[in-house]
Amino acid sequence: MKFIYILTEEKTDSFFIQVLTAVLVLMILVIVFYQLFFFVEFVWVKYISPKPFYRHFYFRKLKLSKDQVYILNTQFSFYQKLNLKQKIYFDHRVSRFIKLHKFKGRSGLYVSDQQKVLIAATAIMLTFGYRNYTIKSLERFIIYLDVFKSKINKAYHKGEFNPAYKAVVLSWKDFLEGYNIDNDNFNLGIHEMVHAMHFDFLKPNNDSISAILFERYYKKIKQLLQNNPTYRQNLVSSKYLRNYAFTNNFEFIAVLIESFFETPQELKNQFPEMYSYVKKMLNFNFKGY
Ligand SMILES: [Zn+2]
């Protein structure tokens, strides 16, 4: 009796060890495959073709409420042009973006769902060509009703990106105006969010696929302006970009991307090289662009 018991116990033990070994081997294989996949993608994007291998893969897609979808359908023209599948991805990303970020109102402002949805949608639109849609250097949004006194330089601002607080600060009145007048190449939300992306993507330790794309075409844009003074002069005299663009490289890229979103056809017709670089920089192959 005792002998049989020992045999059974040994059998159970060896079966348990076999299962454990199989699980361990499987886990190691998954990790190796995962690392290899991203290494190959990194090399491919950096040296061969600047596009992520895939953009969307989610175990569980989050949904927006009916009211939130209504806001997008009535107040966000980029969303209206997406197909059904793209809208499902967009909804998921907006929902997750809202969950991952803090939204704080200032001077008595209560942050509404409309504000969260439109701010998140702006960030998601900008990064919709990428797989990674969160910007590590951006954690919170501070919303004022109107212009505010900046903590950085004590002047009155409509918006700013504060890297120390990982915050985009916005005047809501001016944010809305950016969308209400959608063909003047002014869009405060896009402008400030590009600053956050730019700051994050140019960090030396950021080797994400999005950062590689952004950096590659950012360099090309800078080279185009530096090596070709006539091109730069034509850009200045055309008045297509407002004068503020020529303050420094950070402002240039922010204003250029605002213009890309608001008047893509105009940019394409007048400065096709610039248009093509921005399109590739954001991997932006969507209707209207
Ligand atoms: Zn700026």
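The following paragraphs lead the reader through the structure, from the whole chain to single residues.

The structure is a predicted model, in which local features need pLDDT of at least 70 and side-chain atom pairs count only at pLDDT 80 or more, while totals for chains, interfaces and linings use all residues. Residues are numbered from 1 along each chain as its sequence is written, and side-chain values use heavy atoms, with hydrogens and water left out.

The overall form of the chain comes first. Its secondary structure comes to twelve helices and six strands; helices (H or I, at least four residues) and strands (E, at least two) are DSSP runs, numbered from the N terminus. Along its principal axes, the C-alpha trace of the protein chain spans about 95 × 50 × 40 Å. The radius of gyration of the protein chain is 24 Å, whereas a compact globule of 289 residues would have one near 19 Å. This radius is taken over C-alpha atoms, and the globule rule is 2.2 Å times the number of residues to the power 0.38. The protein chain is divided into domain 1 (1-49) and domain 2 (66-173), with bounds that come from an automatic or database domain assignment. The centres of these two domains, taken over C-alpha atoms, are separated by 42 Å.

The surface and the interior can be described next. The protein chain exposes about 16,500 Å², of which carbon and sulfur atoms supply 59%; accessible areas come from the Shrake-Rupley method with a 1.4 Å probe, and for residues only the protein chains shown count as cover. Of the 289 residues, 45% are buried. Here buried means under 20% relative accessible area, exposed means over 50%, and partly exposed lies in between (1.4 Å probe, protein chains only). Among contacts (heavy atoms within 4.5 Å) between residues at least 6 apart in sequence, 68% join residues at least 24 apart.

Because H191 and H195 are four residues apart in helix α7, about one helical turn separates them. An α-helix has 3.6 residues a turn, so residues three or four places apart point the same way. Both H191 and H195 are buried.

Helix α7 also holds H198, which counts as buried because its relative accessible area is 0%. Leaving aside neighbours within four places in sequence, H198 is in contact with F214, Y218, N249, F250 and I253.

The loop between α5 and β2 contains T127 and R131. T127 has 1% relative accessibility and therefore counts as buried; beyond its neighbours within four places in sequence, T127 is in contact with R93, N132, Y133 and M197. R131 counts as buried because its relative accessibility is 15%. Not counting residues up to four places away in sequence, R131 touches F38, E41, P52, F53, Y54, R55, R93 and I209. R131 and F57 are 74 residues apart in sequence, and their C-alpha atoms are 8.7 Å apart in space.

Two residues with a positive phi complete the account. K239, in the loop between α9 (229-238) and α10, has a positive phi of about 60° although it is not a glycine. With 61% relative accessibility, K239 counts as exposed. N283 lies in the segment after α12 (272-281) and has a positive phi of about 50°, although it is not a glycine. With 6% relative accessibility, N283 counts as buried.
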